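Reader: I would like to learn how to read a few features in this model. Please take them one by one.

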Amino acid sequence: MSLETRLARRTARPAVIGLGYVGLPLAIEFAKAGFTVYGIDVDAKKVEALKKGRSYVGDVSSRDVAEMVRAGRFIPTTDFKVLAKAHTINICVPTPLNKTKDPDVSYIVAAAEQVARYLKPGQLVILESTTYPGTTDELILPLLTAKGGRVGKDFYLAFSPERVDPGNAQFQTHNIPKVVGGVTPRCTEIACVLYRQTLETVVPVSSTRVAEMVKLLENTFRSVNIGLANETALLCERLGIDVWEVIDAAATKPFGFMPFYPGPGLGGHCIPIDPFYLSWKAKLSGFEARFIELAGQINGHMPEHVVRRVVEALNRNSRAVKGSRILVLGVAYKANIDDTRESPSLDILELLEELGAKVDYADPLVPRLDFAGRTRRAVPLTKASLSRYDCAVIATAHEGFDWRLVLASVKSVVDTRNALKGMKSPKIVRL
Ligand SMILES: NC(=O)c1ccc[n+]([C@@H]2O[C@H](COP(=O)([O-])OP(=O)(O)OC[C@H]3O[C@@H](n4cnc5c(N)ncnc54)[C@H](O)[C@@H]3O)[C@@H](O)[C@H]2O)c1
């Protein structure tokens, strides 16, 4: 039976390798569409949680996981042997940077080696991890053809970038258009058939390299525009202009302008990291990706700038940083999610501690934080607890924060997110 027929009849068995922010929602989408899905992760704790019907990803409910596990349509495991029974395999493992800001593709290689080990005729393999153009062709294809199988005939290989936006209630896995580029036209075709079973819109492109580049362009676009917003904020500060008012007014233009906002710096697994995958690849081709490097520098210095604003806020009350009590509001990298990866709040916290401040944090979504060698607990937001601080730094504008209470209770506030928009007080220092 052809893979297309199996997909249409839901008798094909998809496998998803890497059950994190990207892989878990995808696996659950496949299961909800009626497939029996193998979910493979090397983290035994995650697999155990899923088996018990517990989700650790905000956009996936425990109810859905429990229901799919109970129905036998989602089978979480640490055992790669199940790959031998799968018809399609999506690889959703991390792609971090190493210490020198070069791509660390070791997770992709480890997952692809397992796929190669169990590869069987007719299988479709799709890489979803964000990576530099050429990864699918140059790294994965040789591993899969090592035993003599021909791509596009004996097995199929494609790249399809993941665009998930954690915490976005409007756009989730099922209604975010999916770009797909195969090694051969047949690979693209079959990969599109898989996604069309569960996703509303599929966008085929001519190659894996195009698909890989699409994702990096999208994230570089964000990084560069946020860099421009941050530089504009620094300039406006010098000129005594409110950057937030400028951006809001510019955003009334119905064409040719898209608002991006300044902030304490970039966070998450994507925007601070992905553009460097592209600049690394560019360097190998003797090309200098100047926008990427510049945006990286500007965005990377924002936590230091925030600390300078804290110094200014304390100065207004004749306080030194050393010995001051400072509260960082929000340690997740963006509002209304619990992900602290690469969060600029952590840089701010560390920089302030290096200067001798006593720093705590509050975050309704992150009750416990293991950072800089110790476990910290979130401070509850009450008038009494807030009044102990010389300065609060608004780093993440979670909806759960009561800004009026914050402003009324602390001695000064540095607002890096315009959370106190419209409020007036000599206590406020805006970015
Ligand atoms: N988080 C996002 O918002 C987002 C959005 C778009 C794209 N991406 C990209 O998707 C990829 C995955 O990101 P994520 O946020 O889901 O990461 P994650 O860390 O949340 O999840 C990755 C999972 O893979 C597992 N893993 C690591 N090595 C493995 C291996 N060899 N075999 C099986 N499992 C393994 C980890 O235990 C983890 O559970 C990255 O390339 C990222 O850049 C992430």
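Reader: How many disulfides does the structure hold?

Author: A disulfide is a pair of cysteine sulfur atoms within 2.5 Å. The structure holds zero. Cys-187 is in no disulfide, and the nearest cysteine sulfur, that of Cys-192, is 11 Å away. Cys-270 is in no disulfide either, with the nearest cysteine sulfur, that of Cys-92, 12 Å away. Two notes on the source. This is a predicted model, in which local features need pLDDT of at least 70 and side-chain atom pairs count only at pLDDT 80 or more, while totals for chains, interfaces and linings use all residues. Residues are numbered from 1 along each chain as its sequence is written, and side-chain values use heavy atoms, with hydrogens and water left out.

Reader: Is Cys-187 buried or exposed?

Author: Start with the cut-offs. Buried means under 20% relative accessible area, exposed means over 50%, and partly exposed lies in between (1.4 Å probe, protein chains only). Cys-187 counts as buried because its relative accessibility is 0%. Cys-270 is partly exposed, with a relative accessible area of 29%.

Reader: Now the strands. Which way do the side chains of β5 point?

Author: In a regular strand the side chains alternate between the two faces of the sheet. Strands (E, at least two residues) and helices (H or I, at least four) are DSSP runs, numbered from the N terminus. Strand β5 covers residues 124–127. Leu-124 and Ile-126 point one way, Val-125 and Leu-127 the other way, and all are buried.

Reader: Which residues of β4 point one way, and which the other?

Author: Thr-88 and Asn-90 point one way from β4, and Ile-89 and Ile-91 the other way. All of these are buried. For β6, Tyr-156 and Ala-158 point one way and Leu-157 and Phe-159 the other, and again all are buried.

Reader: How many bridges join β4 to β5?

Author: Two strands pair if DSSP finds at least two bridges between them. Strand β4 (residues 88–91) is joined to β5 by four bridges, and the two run parallel. Thr-88 stands opposite Leu-124 in β5. The partner of Ile-89 in β5 is Val-125.

Reader: Through which helix does the chain cross from β4 to β5?

Author: A crossover is right-handed if, with the strands pointing away from the viewer, the path from the first strand over the helix to the second runs clockwise. Here the chain goes from β4 through helix α5 (residues 106–118) to β5, and this β-α-β crossover is right-handed.

Reader: What joins β5 to β6?

Author: Four bridges join β5 to strand β6 (residues 156–159), and the strands run parallel. Leu-124 stands opposite Tyr-156 in β6. The path from β5 to β6 passes through helix α6 (residues 135–145), and this β-α-β crossover is also right-handed. Val-125 has Leu-157 as its bridge partner in β6.

Reader: Which strands lie beyond these pairs?

Author: Strand β1 (residues 14–17) pairs with β4 in the parallel sense, over four bridges. Pro-14 stands opposite Thr-88 there. Strand β7 (residues 178–182) runs antiparallel to β6, joined by two bridges. The partner of Ala-158 in β7 is Gly-182.

Reader: Next, backbone angles. What is phi of Lys-101?

Author: Phi of Lys-101 is near 65°, a positive value in a residue other than glycine. Lys-101 lies in the loop between β4 and α5. Lys-101 is partly exposed, at 47% relative accessibility. A second case is Asn-418, with phi near 55°, again positive in a residue other than glycine. Asn-418 sits in the loop between β14 (413–415) and β15 (428–430). Asn-418 is buried, with a relative accessible area of 13%.

Reader: Last, the surface. Which residues form a nonpolar patch?

Author: Patches are made of residues with over 30% relative accessible area and no salt bridge; like charges are joined within 9 Å, and nonpolar side chains (Val, Leu, Ile, Met, Phe, Trp, Tyr) within 5 Å. A salt bridge is a side-chain nitrogen of Lys or Arg within 4 Å of a carboxyl oxygen of Asp or Glu. Here Leu-235, Leu-239, Ile-241 and Val-246 form the patch, with about 350 Å² of accessible area together. Accessible areas come from the Shrake-Rupley method with a 1.4 Å probe; for residues, only the protein chains shown count as cover. Ile-241 is in the loop between α8 (208–239) and α9 (243–250). Ile-241 is partly exposed, with a relative accessible area of 41%.
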